[in-house]
Structure formats: C-alpha cells, structure tokens
Amino acid sequence: MNQNEITIFTKESKIRDFLIADPYKVVIDFKKVNAYGTKSLEFNKAPFVSATLGSHDGFYRIALLLDGHYRYDLQAFNGGYIVKLK
C-alpha cells in the first residue's frame, strides 16, 4: 500500500473488476486455480479500510473496502495488478 495505491500480487488472470456503492468497494475477480477460505485483512490506513479474499464457483474475489467514494484505475504488471484511486 502506498498512499492511494495498493498492489495485488497474483499470477492469475483477471476476469472482471467493478465498484459496489454501499459500502463503497473495488471488487476484482480472478481465475481460480485452488480453493481459498475467506480471509480478511484490516488496513485502517486511508483510503483503504480492509481487504477480503473469498473463493467462489470458478473464481476468487478480492474486495477492497474504501473510506469514501473514489474512481479507480487497474493496471496490470508482471506479477499482479495495481489499484490506483482518484
């Protein structure tokens, strides 16, 4: 995490990304290779409040809970993705 950016390290391909308005979160779905139990990590470092990783049928999801309303960019790099809030 670096100010308004967070890096997600994964070798999996992104399926989709979107915003949820209430509560405000950036959600990113990735192709699933293995099953994961649901895990949450509290950040309490604005603008990121927490992240939740959960396994679904055929994909896994990362939901980044935010402290307010933001637009975002999602940039791929060799080794993962960077979420930049605006």
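What follows is a short chat about salt bridges and a pocket in a predicted model.

Student: How many salt bridges does the model have?
Tutor: Side chains of opposite charge can pair when their charged atoms come close. The cut-off here is a Lys or Arg nitrogen within 4 Å of an Asp or Glu carboxyl oxygen. By that rule, the count is five.

Student: Which strands does the bridge between Glu5 and Lys84 link?
Tutor: The side chains of these two meet at 3.8 Å, N to O, so the pair passes the 4 Å cut-off. Glu5 and Lys84 sit 79 residues apart, in distant parts of the chain. Glu5 belongs to residues 5–9 and Lys84 to residues 80–85, that is, to strands β1 and β8.

Student: Is Asp29 buried or exposed?
Tutor: Asp29 makes a salt bridge with Arg16, at 2.7 Å from N to O. Arg16 is in strand β2 and Asp29 in strand β3, so the pair ties together parts 13 residues apart in sequence. Arg16 is partly exposed, with a relative accessible area of 36%. For Asp29 the relative accessibility is 0%, and since under 20% means buried, Asp29 counts as buried.

Student: Which residue joins Arg16 and Asp29 in a network of salt bridges?
Tutor: Arg16 and Asp29 are already paired through their side chains. The network that links these two takes in one further residue, Arg61.

Student: Where in the chain is Lys86, the partner of Asp73?
Tutor: The closest N and O atoms of Lys86 and Asp73 are 3.0 Å apart. Lys86 is partly exposed at 48% relative accessibility, and Asp73 is partly exposed too, at 31%. Asp73 lies in strand β7, 13 residues from Lys86, and Lys86 itself is in the segment after β8.

Student: On to the largest pocket: which residues are closest to its centre?
Tutor: The largest pocket holds about 220 Å³ of space. Its lining is made up of 13 residues. The ones closest to the centre are Ile8, Leu41, Phe43, Ala51 and Ile62.

Student: Which strands each supply at least two residues of that lining?
Tutor: One of them is β1, the strand that also holds Glu5. The others cover residues 39–45, 48–56 and 59–66.

Technical notes. Residues are numbered from 1 along each chain as its sequence is written. This is a predicted model: local features need pLDDT of at least 70, side-chain atom pairs count only at pLDDT 80 or more; totals for chains, interfaces and linings use all residues. Side-chain values use heavy atoms; hydrogens and water are left out. Helices (H or I, at least four residues) and strands (E, at least two) are DSSP runs, numbered from the N terminus. Buried means under 20% relative accessible area, exposed over 50%, partly exposed in between (1.4 Å probe, protein chains only). On a 1 Å grid over the protein atoms alone, a cavity is a set of points where a 1.4 Å probe fits but cannot get out, and a pocket is an open set with protein on both sides within 12 Å along at least five of seven lines; lining residues have an atom within 4 Å of a point. Grid points are joined across faces, edges and corners, and a volume is the space filled by probe spheres set on the points.
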